[in-house]
Amino acid sequence: MRTLTALAVLAFAAPTVVDAKPWQGVEPGVTKKDEVVKKFGEPSRTVTQDGKEIIAYLGKEAIKGTSQAQFKLDPATGLIERIDVFPGPVIDKETIEQSYGPACPSGPAPAAPCYQRKLTDDFRTYFLYPKLGLAIFFNEDGKTVQSFTFTTQKAAK
């Protein structure tokens, strides 16, 4: 199973509580595991990591448009805490900006979603959209998407 060490450093700067952006009808902090299984079928793998259950869809069970999708559960609530999506098709920066919003301007953050450009521990670029509960990680080329992380603000800390 693919993991990103960079996800451990993901932190949201916005001090206010925001809803997470849903993906395929699954919303972090709201959707339960049984709803995911009902929607997508039995997962390819279920593992426990750091005391949290992760269900993954890959290979022949991969969700349409992905090479893999992982759903991390909060053991206290049974709710999906985070969704990691590894896209199947190539997605570039321009498509991301058109879909989710441009870079944040200097000064006060605008009302509309915008991203903050960040670097992982291994110096890969990612865009953090704090108002959406979304981080988008790029491949080594810095131009194409490796993965999306949809999460609640609480889980990102």
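Q: Contact means heavy atoms within 4.5 Å. Leaving aside its neighbours within four places in sequence, which residues is Trp23 in contact with?
A: Before we look, note that this is a predicted model in which local features need pLDDT of at least 70 and side-chain atom pairs count only at pLDDT 80 or more, while totals for chains, interfaces and linings use all residues. Residues are numbered from 1 along each chain as its sequence is written, and side-chain values use heavy atoms, with hydrogens and water left out. With neighbours within four places set aside, the contacts of Trp23 are Phe40, Ile63, Thr66, Ala69, Phe71, Ile83, Val85 and Phe150.

Q: What is the mean pLDDT of the protein?
A: pLDDT is the predictor's confidence in each residue, on a scale from 0 to 100. Here 85% of the residues reach 70 or more, and the mean is 85.

Q: How many contacts does the stretch of residues 1–18 have in the model, beyond near neighbours in sequence?
A: Take care with this one: where pLDDT is low, the predicted coordinates should not be read in detail. Over residues 1–18 the pLDDT is below 50. Beyond near neighbours in sequence, the number of contacts that the model gives this stretch is 49.

Q: In what order do the elements of the protein run from the N terminus on?
A: Helices (H or I, at least four residues) and strands (E, at least two residues) are DSSP runs, numbered from the N terminus. The protein has 3 helices and 8 strands. Read from the N terminus, they follow the order α-β-β-β-β-α-β-β-β-β-α.

Q: Which residue of strand 6 is the bridge partner of Gln116?
A: Strand 5 (residues 116–119) pairs with strand 6 in the antiparallel sense over 4 bridges. The two form a hairpin with 5 residues between them, and Phe123 in the turn has a positive phi of about 65 degrees. Across this pairing, the partner of Gln116 is Leu128.

Q: Which residue of strand 7 stands opposite Tyr126?
A: Strand 6 and strand 7 (residues 134–138) run antiparallel, joined by 4 bridges. Opposite Tyr126 stands Phe137.

Q: How many residues of strand 6 are buried?
A: Buried means under 20% relative accessible area, exposed over 50%, and partly exposed in between (1.4 Å probe, protein chains only). In a regular strand the side chains alternate between the two faces of the sheet. In strand 6, Thr125, Phe127 and Tyr129 on one side and Tyr126 and Leu128 on the other are all buried. For residues 125–129, then, the count is 5 of 5.

Q: Which residues of the largest nonpolar core touch the most other members?
A: A nonpolar core is a set of buried Ala, Val, Leu, Ile, Met, Phe, Trp, Tyr and Cys residues joined through side-chain atoms within 4.5 Å. The largest one has 27 residues, and those touching the most other members are Trp23, Phe71, Ile96, Tyr100, Tyr129, Ile136 and Phe148.

Q: Which residues form the disulfide?
A: A disulfide is a pair of cysteine sulfur atoms within 2.5 Å, and the structure holds 1. Both partners lie in the loop between helix 2 and strand 5, so the pair ties together parts that are 10 residues apart in sequence. The two sulfur atoms are 2.0 Å apart and belong to Cys104 and Cys114.

Q: How far apart in space are Arg124 and Glu140, C-alpha to C-alpha?
A: Arg124 lies in the loop between strand 5 and strand 6. Not counting residues up to four places away in sequence, Arg124 touches Lys118, Leu119, Phe138, Glu140 and Gln146. Arg124 and Glu140 are 16 residues apart in sequence, but from C-alpha to C-alpha the distance is 6.3 Å.

How values were computed: Pairing = 2+ DSSP bridges.
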